[in-house]
Amino acid sequence: MKYPAAWFGEKWKEALPSGNGVIGAAAYGAVHNETVLLTHDDLWHEVVTNPLPDVSDKLPETRRLLQENKAFEADTVLSQALKDAGYHADIGAPLPLGDLQVAMPVEKGFTHYRRALDMETGEVFVNWTDAKTNYQRKLFVSRAQDIVVMEISCDGEKSLDARIGLDLHDRSDTRLGDGNDPKLPGDLEIQASEDGIIRYAARNNDDQLDFGAVAKVISPDGSLTVTDNSIQVTGGRKALVVVKLFIKGERQSDWKAATAELESLDSDYDALLAPHVALHSELFKRVQIDLGARDAERSLSNEELLLDAYQGEVPTAMVEKMWAYGRYLLISSSREGGQPCPLQGKWCGSYRGYWTFNMANENLQMNYWQAMSGNLTETALPVFDYFERHLDDARENARKLYGCRGILISCITTPPSGLFKDIQPHILHWTGAAAWIGQHYYDYYLHTGDQQFLKERALPFLQEVAQFYEDFFTIGDDGYFLSAPSNSPENNPGNHTRNATELLAMETTMNATMDFALAKEVLTHLIEGSQLLGINEKEVANWKAMLAKIPPYQINEDGAIKEWMHPFYTDNYHHRHQSHIYPVFPGIEVTRENDPELYKAFEIAIRKRLDIGIGSQTGWSLAHMANVYARMGEGDQALDVLSLLARSCVMGNFYTTHNDWRNSGIGVEFDPAPYQIDANFGWTAAIQEMLLFSKPGQISILPALPAEWKAGSVSKLLARGGIEVSIVWNAGKVEVELLSKTEQSIELICRGTKKTLALNEGTPIQISF
């Protein structure tokens with residue numbers, strides 16, 4: 001990039017991020033007073049979870065009103081019952097741990113400014129020239145040692161002059177986000193000593209436990225002095241700053257432990273970097289993509305690529321870079337042992353940001369769409385760990401809200417509880433979060449072949465989802481299941497417009513198509529997985545009987561798949577969510593080959609969303625749409641949608657936003673324009689979807705290759721079945737290499753040609769088309 005973070009009042013939104021999956025550091029890139037935002041993914045505040053009252057006796061009333069076509073009256077029954085019972089909860093927000101601050105004097109003013117992110121190493125660089133002296137700051141978050149490392153250096157007429165400190169995150173960043181103005185942490189304490197140690201701590205108001213950091217400043221050729229609880233470095237050419245973070249502790253003991261650890265570390269930047277790079281780059285470089293961008297294009301800055309995108313099609317170099325960036329962000333924000341990646345990643349710089357939670361009615365799932373095919377299966381493990389920690393809460397939700405066995409996961413959750421913290425009707429009435437998360441469980445098995453995971457984690461989770469459906473669904477007059485109350489996230493039927501707004505509408509219905517798509521998938525996976533392992537024989541018979549009671553999908557008068565399978569509700573194409581497309585994507589139930597007529601109805605439905613509802617889209621909905629078009633084999637259309645996304649919801653640092661803050665009509669108008677990481681991840685998933693589609697026993701090569709990508713390559717995408725796929729294409733010729741983790745037979749499809757192949761474990765095979 002060619003300029004520092006410049007988003008007025010919220011510069012963290014344009015910072016450049018580094019992270020190790022748990023700890024985040026985001027450098028703003030200022031020359032004079034630099035800020036590096038420090039975060040930890042298990043540090044949250046203002047989270048309130050009280051005991052959940054039992055209001056399951058209100059379910060019959062809700063259903064009666066729905067059956068009488070009184071949806072507006074039914075909408076508030078459950079929510080009001082919770083309020084009447086005195087239930088209060090608050091989602092809360094991530095609490096920024098603090099700021100690493102660096103103040104450096106300015107003499108003539110900066111020239112030759114650059115800031116950059118090396119995605120292969122995870123390093124952030126800031127470079128500039130002032131008064132014939134070249135300056136550089138570089139930093140990374142170590143995946144090997146859980147530390148933040150920064151080096152400051154200069155070369156030229158002047159020697160180094162820098163004041164380094166730790167403090168609470170910018171107090172001015174307490175602007176109202178999604179709730180009341182937050183209360184800042186208390187009991188702030190900062191100490192600095194002549195040996196270059198800075199100790200910082202504050203107290204979280206939620207649990208009254210301390211969080212903070214210790215920094216060690218080292219200058220091999222300069223001098224250190226204490227100034228206002230910070231360390232002043234003067235003279236010399238180089239200074240190293242190493243920071244150790246802590247949360248949920250006691251400052252004196254944590255300061256002592258962190259200081260001892262810092263004292264034991266190497267004092268050389270490159271020596272600290274090497275073990276981190278070994279871990280980070282192996283993940284990042286596991287898959288590599290070349291879509292044929294010109295070298296001259298690849299040398300352009302983010303700003304220059306965006307300016308080109310505004311004029312028409314998104315530059316191929318930007319497509320490549322955005323793919324890599326989404327991959328980098330996932331590696332840097334999701335790691336086994338940590339929390340899953342929420343809507344703003346691990347770099348939220350607001351004390352009460354918009355939508356900073358885990359949103360599991362699409363957004364959390366989109367965050368991980370790239371993980372499996374991108375050969376980063378381990379990055380999904382925090383998702384499974386997180387929801388398994390909250391299984392007892394999910395069982396309580398099911399029992400106390402709907403009187404059901406099994407699990408009911410709220411689509412909005414934050415640590416440390418899985419109880420419903422948001423009791424708006426459209427949250428309470430969507431029962432599909434657990435099932436959609438269950439898709440990721442089963443997909444993890446399909447991509448890794450880990451039968452122990454299937455037996456001990458995936459199938460038990462899915463069994464509890466099916467148990468909820470068994471109790472929740474009732475039987476309609478036609479003999480099929482009836483789902484009530486129901487919700488198609490987050491859409492309202494076309495005839496539910498009274499008192500409805502664009503972003504939050506009246507959504508309580510019956511028989512949302514997605515409810516049954518999810519239930520069908522859960523039951524199918526339970527049957528397949530159990531038969532594979534030779535277990536659950538009695539339950540399999542029951543699941544098959546349930547499967548037979550799921551109603552068939554319906555088609556409306558426009559030829560589009562209906563979003564609600566009940567005559568009370570009309571379709572509404574003006575919406576960002578595309579939930580009813582689930583059987584085509586992200587599900588793999590309906591394909592052009594297995595049901596051409598039904599598939600056509602799904603195609604019409606997605607086109608209606610773009611042709612009629614372009615003004616209702618968001619950054620993440622465009623990313624979703626690109627994935628759908630890729631799954632449908634329409635690469636040019638998928639690329640066009642990504643081009644719309646580039647022109648509307650991408651900032652200079654390539655973070656994606658919920659909507660266009662400039663109101664250009666491509667999506668919803670919404671003043672805050674929150675940063676959301678889901679469209680970054682959705683972009684990466686869409687590119688992979690264009691290059692590879694797989695289902696058990698079948699792999700499609702370049703199923704949605706845009707005409708613009710005439711030559712290119714991709715290495716080691718991961719197909720279902722545990723098969724690494726590498727592809728090179730040029731001038732109509734395609735070379736494929738497959739490397740299977742097991743012995744198996746598959747059907748390989750490329751440009752209309754099908755080949756049946758026998759794969760041996762660990763032996764690569766090459767095929768030409």
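This is a predicted model: local features need pLDDT of at least 70, side-chain atom pairs count only at pLDDT 80 or more; totals for chains, interfaces and linings use all residues.

Colleague: What is the volume of the largest pocket?

Modeller: About 740 Å³. Among the 30 residues lining it, Leu 117, Met 119, Glu 320, Lys 321 and Ala 324 are the closest to the centre.

Colleague: Which element gives the most to that lining?

Modeller: That is α8, with 7 residues. The elements giving two or more residues are β9 (111-118), β20 (288-290), α7 (302-310) and α8 (316-333).

Colleague: Now the rings. How many aromatic pairs does the structure hold?

Modeller: There are 32. To read a pair, look at the angle between the ring planes: over 60 degrees counts as edge-to-face. Phe 140 and Tyr 269 have planes at 85° and centres 5.4 Å apart, so their pair is edge-to-face. Phe 140 lies in strand β11 and Tyr 269 in helix α5, so the pair ties together parts 129 residues apart in sequence.

Colleague: Is Phe 140 buried or exposed?

Modeller: Buried, at 0% relative accessibility. Tyr 269 is buried too, with a relative accessible area of 2%.

Colleague: Which residues form an aromatic cluster?

Modeller: Tyr 402, Phe 468, Tyr 469, Phe 472, Phe 473, Phe 481 and Phe 516 form one. Charges can also sit over rings: the charged end of Arg 63 is over the ring of Phe 472, 5.1 Å from its centre. Likewise, Lys 755 lies over the face of Phe 769, 4.5 Å from the ring centre.

How values were computed:
Residues are numbered from 1 along each chain as its sequence is written. Side-chain values use heavy atoms; hydrogens and water are left out. On a 1 Å grid over the protein atoms alone, a cavity is a set of points where a 1.4 Å probe fits but cannot get out, and a pocket is an open set with protein on both sides within 12 Å along at least five of seven lines; lining residues have an atom within 4 Å of a point. Grid points are joined across faces, edges and corners, and a volume is the space filled by probe spheres set on the points. Helices (H or I, at least four residues) and strands (E, at least two) are DSSP runs, numbered from the N terminus. Rings of Phe, Tyr and Trp (its six-membered ring) pair if their centres lie within 6.5 Å; planes under 30 degrees apart count as stacked, over 60 as edge-to-face and the rest as tilted. Buried means under 20% relative accessible area, exposed over 50%, partly exposed in between (1.4 Å probe, protein chains only). A charge sits over a ring if NZ of Lys or CZ of Arg is within 6 Å of the ring centre and within 35 degrees of the ring normal.
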